[in-house]
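Reader: I would like to learn how to read the features of a structure. Please take them in turn, with the general idea before the case.

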Amino acid sequence: MDEILSILQELHDDVDFEKEEKLVDDKILDSFDLITLASELCDAFDIEITAKEFIPENFNSVQALWRMVQELMGE
C-alpha cells in the first residue's frame, strides 16, 4: 500500500491520501489523474486495469485501490 501512497503523492502532494475516502466523488482526482494513476499502478504491480475496474468505488481511497490491486494480482 505504501507504493500506492507514493504514486498518489506524486500526483498531489497537498492531499492527505490516508484519510481521504472520496477521491473521485469529491473531484480530488480528475480524469487525467485517474489515467495516470491507472498507468502507474499497472507498471508498479504488473497488472491490467480494464474498463470493468474503472469505477469510482475502486479509486475513491487508498484502501479501495489496494483492494483492487490485490484482486487483480490474484487473478
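**Exposure, helix packing and core**

Author: Glu21 counts as exposed because its relative accessibility is 59%. The cut-offs are under 20% relative accessible area for buried, over 50% for exposed and partly exposed in between, with a 1.4 Å probe and protein chains only. The model is predicted, so local features need pLDDT of at least 70 and side-chain atom pairs count only at pLDDT 80 or more, while totals for chains, interfaces and linings use all residues. Residues are numbered from 1 along each chain as its sequence is written, and side-chain values use heavy atoms, leaving out hydrogens and water.

Reader: Where is Glu21 found, and which residues does Glu21 touch beyond four places in sequence?

Author: Elements first: helices (H or I, at least four residues) and strands (E, at least two) are DSSP runs, numbered from the N terminus. Glu21 is in the loop between H1 and H2. Contact means heavy atoms within 4.5 Å. Not counting residues up to four places away in sequence, Glu21 touches Asn60 and Ser61. The C-alpha atoms of Glu21 and Ser61 are separated by 4.6 Å, although the two are 40 residues apart along the chain.

Reader: How is a positive phi to be read, and what is the phi of Lys27?

Author: Most residues other than glycine have a negative phi. Lys27, which is not a glycine, has a positive phi near 60 degrees. Lys27 lies in the loop between H1 and H2 and is exposed, with a relative accessible area of 68%. Asp46 is another non-glycine residue with a positive phi, about 55 degrees. Asp46 sits in the loop between H2 and helix H3 (56-59), and its relative accessible area of 74% makes Asp46 exposed.

Reader: At what angle do H1 and H4 pack?

Author: Axes are lines fitted to C-alpha atoms, for helices over the stretch in contact, and angles run from 0 to 180 degrees between N-to-C directions. Helix H1 (residues 2-11) and helix H4 (residues 62-74) pack at about 125 degrees, with axes 10 Å apart. H1 is therefore oblique to H4. Angles under 35 degrees count as roughly parallel, over 145 as roughly antiparallel, 65 to 115 as roughly perpendicular and the rest as oblique.

Reader: Which residues make the contact of H1 with H4?

Author: Ile4, Leu5 and Leu8 of H1 and Val62, Leu65, Trp66 and Val69 of H4 make this contact.

Reader: How do the axes of H2 and H4 cross, and which residues meet there?

Author: The axes of H2 and H4 come within 11 Å and cross at roughly 45 degrees, so these two helices are oblique to each other. From H2, Leu37, Leu41 and Phe45 meet Leu65, Trp66, Met68, Val69 and Met73 in H4.

Reader: Which residues touch the most other members of the largest nonpolar core?

Author: A nonpolar core is a set of buried Ala, Val, Leu, Ile, Met, Phe, Trp, Tyr and Cys residues joined through side-chain atoms within 4.5 Å. The largest one has 23 residues, of which Leu41 and Ile49 touch the most other members. H1, helix H2 (31-45) and H4 each supply at least two residues of this core, and the largest share, six residues, comes from H2. Leaving aside neighbours within four places in sequence, Ile49 is in contact with Ala38, Leu41, Cys42, Phe54, Phe59, Met68 and Leu72.
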